[in-house]
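Please read the points below alongside the display.

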Amino acid sequence: MSILTGPSGRLKPLLLACVAGATLFASPASAQERRIDGEKILELLVAKGVISQADADTIVSQAEVVEAAPVQAQAQARAPLPQAGVAADGTQTIAYVSPVVREQIVQQVRAELGTQAQAEGWSKPGETPEWTRRINIYGDVRVRGEARFYDKDNGDIFWNYGALNHGEPFDINDRNPDYIGAPYINTLENRERFRLRARLGVKAQIASWISADVRIATGADNAPVSTNQTLGADGTGKYHLWLDRASVRLTPVKDVAIDVGRFANPFFTSDLIFDNDMNFDGIAVSASAPVTQGLRLFGTAGAFPVFNTDMNFGSQNAQVEENVPRGRPYPSQDRYMFAAQAGFDARVSDAIDLKLAGAYYHFDNIQARQSDPCYWYELVCSTDALRPAFQQFGNTMATLRDIVPNPVNPDLSPDPQYFGYASKFRILHVRGALDYRANDGFGVRLEGDYVRNLGWNRSEVAARAINNLGADVTLPDPTPTDPDNTITRPGAYQGGNQGWQARLTVGSVMNLNMMGDWAAKTGDWNGYVAYRRLESDAVVDAFADSDFHIGGTNNRGWQIGGNYAVAPNTIVGLRWLAAEEIASAPFSVDRGFVDLMTRF
């Protein structure tokens, strides 16, 4: 019996494989000029009895039919192999690379990519390139409800000097037939509003000793003490974003930092002197050093521009005297704050920490001065730039212009004025904080501030003051025709130069929703009570707390509040502030705040 057709059929699978191979070989891709008919091979195998007709039919049904392409088309589809050699431009062509060399190339590329991926931090799932780990994005969003409640017995005599200094010069001669009264501050009608604060920042570590910080923030205006935006202030209009911070920090040696640009408050202060939202322009150098275990000294010094004179500050419509016009550019009225602080931070025991510091803030060229003689019709006078670029409420004001009246009728001549600070500001500030931490979930902080304006001189300020005065007084002014005639004069100056504040805080996070960075987990809380007395000229009202009273100085009163973390870094806060005026007419206002805030 033939081994091909024997009952064992041992070679039948082998023959079937040969048929399949021949059929594949007959495909156009393999058989180029020669075509092999696979179906004819199957017919011969059936005739020889090698396979059955059923097997042949099965093979045909499972085979893929491919149309043969013309030989010419196949030849055109195949790109010619490049010729080996070196081209004129230096390009080297290798017509054939052996499998061994190909494998070597693959291994080399794989090794180089692995080294690069490990160095740049993207070799593992979830990792990012190295440069992204040097950038930190941070920010916060706060929505606030606020209500103001004014006492019905408040005086209604307070000029709005901020508005007066940002408009055209105000004519203070009430005998002028064209006189129009000054804009006043609301002291009688209650107000409510919703406010929004959103801040987004980026910190980048440029090198081991160089970093940068850029932050944008909302804000109803460019005031230095608030980034709040009143909702609905412009109907449903969109809101502004401001450049809130932009600074470079250098740390050339350990425990020494140099900040340049616009940056966070570098001093150990409170809102008695600087609002919690205030940032500083300029340069600050901070350093700290351990003395003994548990005792560290620290200090900060800096120079900060407060106002820069416009490049075109001057007058061109001044009086012509002896055929010589007096109009000219005026000297600069730039203003700076120079500051220095030193203190210590001590670990008294495992549960008690004490921090104490003293500081001196010197405001240069901030006091009002009388201008050169300035005619009543001049648009700009030589000291106009001394009016505050921003102010709140409380400081004693003085006129800036030495107006030459109209000689035709001096009594009725306009007296157009701007207003500046009547006092110098050389501020001594002492601040301390005592922390007791019973455990991780509860602590107590007692903190206090004292400020005194060493540049204030009562007689000097009183001679120029136009506000912060007592009640008008009536004095005898007899005349030949009326021996009982009287005259009314403003009351005596009642301002002062000192201020202090004490605050007691309890809870798990002491500065929750207060000055500085903080972090909270669900359930963290704090509560506090504080009392403040801040006389009119103790500090510059433009930079003081914007929430107490109506913002600024010349106030005293209580505040109580608390905060609770409803989720990680998300808090609900409540505050009530009750304050009244110290000098001048009665002016009491209570303010309530409800905050919802989250930070990231």
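1. Helices (H or I, at least four residues) and strands (E, at least two) are taken as DSSP runs, numbered from the N terminus. On that basis the protein chain holds seven helices and 31 strands.

2. The model is predicted, with local features requiring pLDDT of at least 70, side-chain atom pairs counted only at pLDDT 80 or more, and totals for chains, interfaces and linings using all residues. Residues are numbered from 1 along each chain as its sequence is written, and side-chain values use heavy atoms, leaving out hydrogens and water.

3. Of the 600 residues in the protein chain, 38% are buried (buried means under 20% relative accessible area, exposed over 50%, partly exposed in between, with a 1.4 Å probe and protein chains only).

4. The salt bridges number 29, each being a side-chain nitrogen of Lys or Arg within 4 Å of a carboxyl oxygen of Asp or Glu. One of them joins arginine 296 to aspartate 255 at 3.8 Å, N to O. Arginine 296 belongs to strand β11 and aspartate 255 to the loop between β8 and β9, so this pair ties together parts 41 residues apart in sequence.

5. Arginine 532 and aspartate 545 also form a salt bridge, their closest N and O atoms lying 3.3 Å apart. Arginine 532 is in strand β28, while aspartate 545 is in the loop between β28 and β29. Both residues are buried. Through shared partners, salt bridges join Asp271, Arg431, Glu447, Asp449, Arg503, Arg532 and Asp545 into one network.

6. A further salt bridge links arginine 347 and aspartate 353 at 2.4 Å, N to O. Arginine 347 is partly exposed at 45% relative accessible area, and aspartate 353 is partly exposed at 25%.
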